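Hi,

Here is the structure I promised to pass on. Have a look at it first, and then read my notes below.

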Amino acid sequence: MLEYIAKRISFMALSLLVTSLIIFLLLEVMPGDVVKIMLGQHATEEAVSSLRAELGLNRPLHIRYLSWINNLLHGNLGESMYMEGVKIAPLVIRRARNSALLAIACLFIFVPISLIFGALGGLTDSKIAEVFISITGLFALSIPSFVTGIFLIYIFSVALPLLPASSNIPPGTSIFQNLESLILPAVSVSLVMFGYVARMTQSSMEDVLQSDYIRTARLKGIPDKYVIYKHALKNALLPSITVIGMNIGWLFGGLIVVEKLFGYPGIGYLLVMGLQSRDIPLVEVIMLFIVTIYLLANFITDLSYSILDPRVEITKAE
Amino acid sequence: MCLKKGSKITFTLIVVLLLTLALFTNVSAAEKEILRATAVTPGRLTPGHMSGSAAARVSGAVYDWLVRVKPGTMEIKPELAKSWQVSSNGKNWTIHLREGVKFHDGSKFTAEDVIYTVERALDPDVGHALKENFEAIAEIKKIDEYTIEFKLKEPNAKFMHVFTDYNSAILSSSYDYAELGDTKPMGTGPFEVESIEPTESAILVKNTDYWVEGTPNVDEIHWSFVPDKTTQLQMLRTGAVDMAMEITPQDVAMLRGVKGVEGKHMQGTTQIVLYMNVNEEPFEDNRVRQALKYTLDNEQIIKSAYGLLYDQVEGKVTVNESPLAPVYPEYNKIEERERDIQKAKELLEEAGYGDGLELTLYYASNYRVGPEFALALQQMARPAGINIELVGVPRDIYLSKHWRNVDFGITGWGNRADPVTILRLAYKCDAPWNESHFCNEKLDKLVEEAAEETSLEERKQIYKEIQEVFQKTGPVVTVNIGRWHGLNDSVKDYKEAAPFVGDWRYVTLTGDRNTYNPSEEK
């Protein structure tokens, strides 16, 4: 087990190194010029070259990459190129915290609802309920969150003005004073996740109920309640947990479209902003951060899967 | 059935969670009058490094200038400079400074600070945006604590205008702008910076010691920096902010149906310039340039850019053929060219393009009016046999890759206090940013005459000749646009001088801003 964890962690470190190089090179070939954005059209050649020197942009490619990695390893994430004197680390941490809060709000909303609906859909004998859950799930899954988001804004912020239309945080306050601004973005993401997870739970519940061991349990005369709680449910939830786990990375670092739509100050929105202003050091750090989140999420899912399902022996699961 | 208990618990949990979220509503601050405004992320805030309107508007509250432009005109009025005189040769400028002005850190504003501001701009290590403008100064002399003399290399009738630029805000000689300029800006302005949350927001509070008696009127300005225009508009519509700065004509048209908010037009010197490279085929032939101009219908260009708002901008947004915006006092109204397709065809025939002309036009697709202008051009030129292929790219790519490298492009220009600046930068034979490679000896002579002429009437006459040169042989067609802001009806007296500098001193808030129902239509 320990050996496996060590292997996984060193593999993660290697992946990060490779992605860092890819990110660096990708941004290198990205069109656009931060100096032109910073100084505007009317910048003199002199101002442009002095700013280039100041930003260290006139050094050779490999020197810049190595010095960036060296700084990263020393915990120095550097400063924003577009905003003078703005340190990247506190900015990214603040935004990542906001994104994490949004992800947690999503998990709170969709995990219980979709597991319950999915399980009920699988258990029920009523054809109508089964089809209803299946179709709702398919519907929720098929509409992108930015579309449901717009409908939600229209219904809850414009038609019945209950919730803020934009989730940006008023100056001088923190996200904790504005938790209501989490509701609409979280609901629009949750609908998509509900589609995935409820349908997955429903079908695996149906499979499990038709399996031999459930029939055996029933034939043995074990009460229905006990069969479902003790045997069916636990097995039926396993695939759903994998799906949830696989989406954790997306929830914590990939809600770019939803964050932008609602103006929610999370890491995804910061990435969009960084790209728009060609703020390469900032974009590099955010991309690396998101990759790390994905790697960690997958790692944790694998581990928890093996704990939930003793049949999975991780030492052999390479 | 069997899951009843479990689902009950979960549902209770969800309800509790949602209620908790709803209860955490923002408790508003007491009786303070807070003006809430939104703009795109301003980028750098240090004078000399600011670029663009958001930074200039935020800084407009933090700093003061020696002079400011009177809104709607390009005339200047005294601010930190009480008065000024120029010697008869137009070279020696004596400036008398206002006494009793203090910086936010309590230090006194004196001649030293003005000298520091100018010397910092000239320092090559700073990379100041206005370095070239200040290089007109040969010598700076401090006469006493509140008097300075600038000796210029060349006579310049409009020297004071350089101090209206947003990048020439007056700085304190004892403050570290290299370290703190972007995170904690400090000046003598009507508002002090309380906090800046990079990329998100800024809080400015009233400078209680401000030198203009009885101002500022509001207690605080809360900025929300929102890169997305749609979000900004939603915030304005739902009353989350009082002002949304720099919105598009399309946004303004949308706001027409919303009660309590309105789009306001502010006149400016910004020009969207269609340029033609006179060094290369086909534009080296003036007949081709003329032909293209004959295909244009000025009113139609404005209509296509402003759509429903045409009645609001009529007379304010104009199309002309010179780089002189009508808002300058030197501008002369000269007869506009009428659309004449027949004439255009004849000119093309004479120039040897009788069987059609293929052109590629480059423009910044995310810059105001650019795409609309380009599309209108494409449509209008077609009947004369000119086929224009459009290439729109983001503005920074346009500027770094295409601008000055392509023969046919649309560039945004403007916000210069003195039209001489633009003529020297882009239209004289040796101009550094001569995108159209235009070179006309008569024009060069006229520009220098205009720079030295101190009488407005005489200057106006010179500019008339300049305008005629452009009309006859010029390489440009310009759309003179202004700016739009979305304002809640309760915001009164926001002023903005032409070069973006916001004047927040006189802004007042009237009435209750949150009583209207955002969904209620007009």
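B:H437 counts as partly exposed because it has 19 C-beta neighbours inside 10 Å, and a residue needs 20 or more to be buried. Keep in mind that this is a predicted model. You'll find B:H437 in the loop between α14 (419–426) and α15 (441–452) of chain B. Its phi is positive, about 55°, although B:H437 is not a glycine.

B:D493 is another non-glycine with a positive phi, about 65°. Look for B:D493 in the loop between β20 (491–492) and β21 (495–496) of chain B. B:D493 has 13 C-beta neighbours inside 10 Å, so it counts as partly exposed too.

What about B:G268, buried or exposed? It's buried, because 25 C-beta neighbours lie inside 10 Å. B:G268 sits in the loop between β12 and β13 (271–276) of chain B.

Now for the cis peptide bonds. One joins B:T215 and B:P216, with omega about -5°, and B:P216 belongs to the loop between β9 and β10 (220–225) of chain B. Another joins B:E281 and B:P282, also with omega about -5°; B:P282 is in the loop between β13 and α8 (286–294) of chain B.

Finally, the sheet. Chain B has an open sheet of seven strands with mixed pairing, in the order β8-β9-β10-β1-β11-β19-β12. At its edges are β8 (191–197) and β12 (261–266), each pairing on one side only. β8(B) runs antiparallel to β9(B) (residues 201–206), and six bridges join them. Across that pair, B:V193 stands opposite B:L204.

Cheers

Conventions: Residues are numbered from 1 along each chain as its sequence is written. Chains are lettered from A and ligands numbered from 1 in the order in which they are written. This is a predicted model: local features need pLDDT of at least 70, side-chain atom pairs count only at pLDDT 80 or more; totals for chains, interfaces and linings use all residues. Two strands pair if DSSP finds at least two bridges between them. Helices (H or I, at least four residues) and strands (E, at least two) are DSSP runs, numbered from the N terminus. A residue is buried if 20 or more other C-beta atoms lie within 10 Å of its own, exposed if 12 or fewer, and partly exposed in between; C-beta atoms are placed from the backbone.
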